[in-house]
Every structure is written in C-alpha cells, then in structure tokens.
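Please read them with the model open.

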Amino acid sequence: MHELLQQYTEEVGQSFLPAVIESIHKQTAGQPFLVNRIAQILTGELDIPKTESITMDHFSQAHFQLLHERNTNIDHLTTNIRRNPRFESILMRITATDDGPAFNLRDDLISELATYGVIKQGTDGMCEIANPIYFYCILQTFKPAVNGLEQEYLPEDTREGFLDYLSTTGHIEMGALLDNFRDFIARAGFNILQVPDTPQESVGRHLLLAYLEQFVRLVGGFMHIEVQTGRGRMDLLITHNQRKYVVETKVWRGEVSYQKGKRQLASYLKLESATEGYYVVFDHRTNPEPRAETEEIEDFKIRSYVIPVMQERPS
C-alpha cells in the first residue's frame, strides 16, 4: 500500500501526512482498488493545491465520497453478497457477534464469500469482514431505504428537529442525541420488529446507523465505521466542527462482554485522541435490563446504554 501511495506522491509531487496513510491502511486493509481510488480522489478530484500536504480533513472528504459513490469494486461487492439470500444472515452474524462463524472453507457459503474477497480469516480462525469500507457497504446494502419509523425519531416537543442536538457553540450534544435514540426505540416499541427485510439481531444497529446518518447529513458532518476486528463490535467515528465523537455498538453477550467493551472503547479513544466515548449495547433477551450510565474509565468519560429490543408483539 505504501508503494502505491508513494507512486502518487512521485507523480503529482504531493505528500500524505502519516495519519492519512495510517487511516487509508486501516479503512482499506490494503485492498488495491480501494487504495488507488481514495488516492485518486485525494490527488485528482478534491482540487487540493499541490503545494499542500494531504491532511485528515482531506481524507474525511475523500472517504465520504468513496463510501457513497458507485464504482466497479463496490458494485461487484454488493452484487456478490446479494447472489444468495443466505449470505445476509452469515454476514449479519459476523458483524454482530464475536463468537462465530468459524472460517471453514469446506462450507460452501463461507468459501464463496471468501472467494469474492468479502470475508477473511481472523487470527483466531473466525470469519471477519475484509475491511471497514466493505463493512459499511454491507450494512448499507441490507439496510432498508425506508424503515417506516423516521417520523418517530424526534419527540413531540422538538423545537428545531435534529438541530436541537447542537449546542449554542455549534458542537454535537452526543449524550442528548443518544438519550433520544434510546427513547425513540422505547417509543417505537414492537414496531421495530416490522422494519422490512431486517434480521431481528441487526435491527437495532440498522436503526442507529440510519438515525445517526440522517443527523450527521443534516448538520454537515462526516461519519464512517472503524472496525478493530471486522466482527462483533462496530465503532462509528463522527467528525463535525473539528471534533471527533466515537460511538461503539454491540449486541448483548453477557456482563463480562459488556464491561470488556467499555475498556476496548477507552483504548480506542486513546488512539483517536478523543476525550469521551459512547457505548450502545442492544439487549435482545426475553427479560432485558435497560441501563444508562456515565463512568470514568482510564481517564476517559464513557456514556453507556443497554437498550432493550422487544422480541415480539405484546398479546
């Protein structure tokens, strides 16, 4: 990957800051088409003066463009994961849980997804999504264009809609925004089970992604997925008005996993030089235990939520 980026530097005389190179590697996992495409956008399509180094602000713009454009690589990805209806359940399980499925090339479905370059074998022998860009595109592919609950996002006493969640200085009030998401799930109740073509274990995460995307688009920010292992947890990194906001999501897998997720988030906040993070866990148990708590963990402020997801329509 470094050689590819060096070629662009030699051709156009423009350098990439080390943080940009690291972010490109993290987002693409070195996938040649994705590296080339993001470098093309950065050096040829954003009109950055050739006398300037390419910064993280430039990377955010290019990354956003790549995530939302049509290109041959992403088109092939989405076509391939739609080939078999059973692919969706496998991919959603990989994205939602730490404990499977195993990377078994004798399984026809896993072998096919690996051949397409969608998944890879993790260091522990389990399946992982190949890179964060594919992770995002997979979620977008299976996320309904309309979930039917958009009118429920905001409370009845809203004043300026989503703009209520910007402070007077123009910064995101992420705690209030996520408090409202928790309340939205409660308001929607069993109706979330009627979101079309969505596996039940994925519905909470799909709704959170749609909710935050609508907000971020409205306020002019950027959002992308940061994936540490390619499965189980999903870190959403929101950039707005020179600030970073990190939201980690998981499905409830027990108290030990819940507490471990907080420590993982603290470690990630340190890497991103952020001071606070948000942790959203969806609880699909028959008798869920809702929580909302704010703690100091390794000198970082972490706001955690356990949000019940109703299992069935009440009788």
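1. Two strands are said to pair if DSSP finds at least two bridges between them. Helices (H or I, at least four residues) and strands (E, at least two) are DSSP runs, numbered from the N terminus. By these terms, strand 7 and strand 8 (residues 300–308) run antiparallel and are joined by seven bridges. In strand 8, Tyr305 is the residue opposite Ala292.

2. On provenance: the model is predicted, with local features requiring pLDDT of at least 70, side-chain atom pairs counted only at pLDDT 80 or more, and totals for chains, interfaces and linings using all residues. Residues are numbered from 1 along each chain as its sequence is written, and side-chain values use heavy atoms, with hydrogens and water left out.

3. The sheet is open and has six strands in the order 3-4-5-6-8-7, with mixed pairing. From one strand to the next the twist averages 20°.

4. Strand 4 (residues 234–240) pairs with strand 3 (residues 222–226) in the antiparallel sense, over five bridges. Within this pairing, Leu237 of strand 4 is the bridge partner of His224. Strand 4 is also antiparallel to strand 5 (residues 243–251), to which seven bridges join it. Here His240 is opposite Arg243 of strand 5. Strands 4 and 5 form a hairpin with two residues between them, and Asn241 in the turn has a positive phi of about 50°.

5. Is strand 4 mostly covered or mostly open? Seven of its seven residues are buried, where buried means under 20% relative accessible area, exposed over 50%, and partly exposed in between (1.4 Å probe, protein chains only). In a regular strand the side chains alternate between the two faces of the sheet. Met234, Leu236, Ile238 and His240 lie on one side of strand 4 and Asp235, Leu237 and Thr239 on the other, and both faces are covered.

6. Helix 9 (residues 174–188) packs against helix 10 (residues 203–219) at an angle of about 135°, with the axes 11 Å apart. Axes are lines fitted to C-alpha atoms, for helices over the stretch in contact, and angles run from 0 to 180 degrees between N-to-C directions. The two helices are therefore oblique to each other; angles under 35 degrees count as roughly parallel, over 145 as roughly antiparallel, 65 to 115 as roughly perpendicular and the rest as oblique. Contact (heavy atoms within 4.5 Å) involves residues including Phe181 and Phe184 of helix 9 and Leu208 and Tyr211 of helix 10.
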